[in-house]
Amino acid sequence: MKRDEQYSGGENFDLQTVLLRGRRLRLHERVECFGDFLRGLQRRGELTTMREVVSAADREVAVAEPGSGSPRKMLMFGSNNYLGLANHPYVVERVRRAVARFGAGIGGPPLLNGFTTLHRELEERLAALKGTEDAMIYSSGYGANVGLVTGLVNPDDFVLYDAYSHASFCDGLRMSGVEAHSFRHNDVDGLVRVLTRQAPGSSRDVFVGAEGVYSMDGDLAPVDRLVDICRACGAMLILDDAHGTGVMGPTGRGSAEHFGVEGKVDITMGTFSKVFAVTGGFVAAEKGIVEYLRYFARSYMFSASLPPAVIAAVLAGLDVMAREPDLRIRLHENVSYALEGLRSLGIEISCESGIIPLRVPRGMNIRRAARRFHELGIFVNPVEYPAVPLSQQRFRISMMATHTREDIDRLIDAVRAVWAEENLQDEEVCVQVGVRDAI
Ligand code: PMP
């Protein structure tokens with residue numbers, strides 16, 4: 001195939017062009033064109049992915065400058081380490097002890113040799129946390145969703161899921177080949193309309209997928225209403241509470257506790273990569289379902305278990321969550337303080353979780369703005385198309401309990417400066433592309 005003129009350099013096309021036009025190219029052409037695109041960003045200092053952190057995960061981190069490698073101190077507003085557990089002294093000590101007792105790793109999947117007393121203890125603690133009979137651990141949150149959906153759902157079942165559901169849930173649906181339809185984000189009336197159209201007594205199972213806290217907007221699903229609707233319509237509710245666990249509810253047990261429906265969600269999924277700040281995922285449900293999934297979720301059966309150090313970090317994190325409720329209170333106070341600051345700049349914004357979605361005004365160049373935040377020592381993650389539609393690009397600000405008021409003041413000062421410098425400099429037209437895969 002003749003090389004497309006548009007791909008002669010990284011300056012003149014953006015990711016949208018690469019994605020849409022790249023589909024027609026051979027692999028080596030796609031690789032070259034994407035490489036050109038990345039190098040163009042690099043030249044302009046606008047590449048804010050894969051930043052190299054050279055210090056411990058904390059409220060302040062050191063990031064190696066591309067090229068020179070010299071460390072730049074930055075305030076971390078891009079981590080899901082909501083309660084600061086990543087380097088909490090008790091968590092670190094428990095991890096040390098677990099490595100000393102169980103070694104560095106385990107070398108196998110749970111059904112074979114990869115199951116220790118620590119793994120079982122954590123399963124029981126997670127089941128208790130979510131008010132279910134049992135729980136099981138996956139080596140990632142992504143794998144938990146994929147394994148859960150592909151393991152549970154038959155191709156002739158029916159799944160309705162919120163349009164803002166995470167990529168891992170959507171990938172599970174694709175792999176399972178089930179008939180799946182999204183409903184408009186948080187449109188419970190729309191959900192009811194479709195559910196009640198299902199033939200009563202139909203032999204297929206119906207599932208509803210939603211998230212306690214949506215990862216891109218930080219808003220909540222009305223979990224209490226979803227529980228009622230699913231019960232009334234005979235559907236099973238699958239709740240991804242990745243960002244709600246440890247953050248929501250009077251004792252941090254998650255979104256179901258926040259809405260007073262603890263133990264009433266059929267299947268809860270969660271991750272260890274958010275509040276516990278390590279890696280891994282879990283599914284909590286009735287005993288029979290967990291037992292079944294252990295043998296039918298392929299991402300569980302065919303993937304090695306998490307090392308004991310990671311399991312110990314989550315167990316220790318659960319202890320800290322119970323013993324130090326102040327951390328969660330401080331997280332929410334920090335969110336309120338940041339929202340006040342942003343509102344004082346005239347930005348209309350709300351948030352009930354640890355994620356503040358700072359929408360980029362129309363006409364602002366998000367990559368240039370991201371570079372300015374970086375230069376100002378503020379680590380925030382730009383969320384660009386195709387993770388969200390072009391018209392909804394934003395910075396995702398992740399708050400932590402350990403941020404100080406001064407840290408948050410610096411964040412607000414940086415937003416003020418970047419908004420003043422960047423706003424309406426660039427009259428690019430934002431095209432709604434309609435692709436949304438949350439990361
Ligand atoms: N579900 C949601 C809602 C998420 O935000 C994420 C992580 N971005 C996942 C699942 C996947 O979890 P992990 O990164 O732990 O694999």
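**Figure 1. Polar contacts between the ligand and the protein.** A polar side-chain atom of His 166 lies 3.3 Å from a nitrogen atom of the ligand. The model shown here and in the other views is predicted. His 243 also places a polar side-chain atom by the ligand, 2.8 Å from an oxygen atom. Tyr 142 takes part through its backbone: one of its backbone N or O atoms is 2.8 Å from an oxygen atom of the ligand. Taken alone, the ligand exposes 390 Å², and the protein buries 86% of that area.

**Figure 2. The shell of residues around the ligand.** The ligand is surrounded by 17 residues. Tyr 142, Asp 240, His 243, Ser 273 and Lys 274 are the closest of them. Sorted by class, the shell has 10 polar, four nonpolar and three charged residues. Two elements give two or more residues to the shell, namely helix 5 (141-152) and strand 9 (267-271). Of the elements, helix 5 gives the most, with three residues.

**Figure 3. The salt bridge between Arg 59 and Asp 407.** The structure holds 27 salt bridges, and this view shows the one formed by Arg 59 and Asp 407. Their closest N and O atoms are 2.5 Å apart. Arg 59 is in the loop between strand 1 and strand 2 (60-64), while Asp 407 is in helix 15 (residues 405-422), so the pair ties together parts that are 348 residues apart in sequence. Arg 59 counts as partly exposed because its relative accessibility is 25%. Asp 407, at 4% relative accessibility, counts as buried. Side chains of opposite charge can pair when their charged atoms come close.

**Figure 4. The salt bridge between Glu 65 and Arg 72.** In this pair the closest N and O atoms are 2.7 Å apart. Glu 65 has a relative accessibility of 17% and therefore counts as buried. Arg 72 has a relative accessible area of 24%, so this residue is partly exposed. The cut-off that separates the two classes is 20% relative accessible area, with buried residues under that value.

Figure 5. Asp 241 pairs with Lys 130 in a salt bridge whose closest N and O atoms are 3.2 Å apart. The two residues belong to distant parts of the chain, 111 residues apart. Asp 241 is in the loop between strand 8 (236-240) and helix 9 (255-258), and Lys 130 is in helix 4 (residues 117-130). Both Asp 241 and Lys 130 are buried. Elsewhere, salt bridges that share partners join six named residues into one network: Arg 120, Glu 123, Glu 124, Asp 134, Lys 287 and Arg 294.

Figure 6. The patch is formed by Leu 111, Leu 112, Tyr 292, Tyr 295 and Phe 296. Together these residues have about 540 Å² of accessible area. Phe 296 is found in helix 10 (residues 287-296) and is partly exposed, with a relative accessible area of 45%. Leu 293 also has its place in helix 10, but Leu 293 is buried, with a relative accessible area of 0%. The C-alpha atoms of Leu 293 and Ile 356 are separated by 34 Å, and the two residues are 63 positions apart along the chain.

Figure 7. The loop between helix 2 (27-43) and strand 1 (52-53) holds Met 50. Met 50 counts as exposed because its relative accessibility is 80%. Asn 186 is not a glycine either, and its phi is positive at about 60°. Asn 186 lies in the loop between strand 6 (179-183) and helix 7 (188-197). With a relative accessible area of 24%, Asn 186 is partly exposed.

Note on methods: Residues are numbered from 1 along each chain as its sequence is written. This is a predicted model: local features need pLDDT of at least 70, side-chain atom pairs count only at pLDDT 80 or more; totals for chains, interfaces and linings use all residues. Side-chain values use heavy atoms; hydrogens and water are left out. Helices (H or I, at least four residues) and strands (E, at least two) are DSSP runs, numbered from the N terminus. Buried means under 20% relative accessible area, exposed over 50%, partly exposed in between (1.4 Å probe, protein chains only). A residue is near a molecule or strand if one of its heavy atoms lies within 4 Å of it. A polar contact is a pair of N or O atoms within 3.5 Å; within protein, one must be able to donate a hydrogen and the other to accept it, and residues adjacent in sequence count only if both atoms are side-chain atoms. Accessible areas come from the Shrake-Rupley method with a 1.4 Å probe; for residues, only the protein chains shown count as cover. Ala, Val, Leu, Ile, Met, Phe, Trp, Tyr, Cys and Pro count as nonpolar, Asp, Glu, Lys and Arg as charged, and the others, Gly among them, as polar. Patches are made of residues with over 30% relative accessible area and no salt bridge: like charges are joined within 9 Å, nonpolar side chains (Val, Leu, Ile, Met, Phe, Trp, Tyr) within 5 Å. A salt bridge is a side-chain nitrogen of Lys or Arg within 4 Å of a carboxyl oxygen of Asp or Glu.
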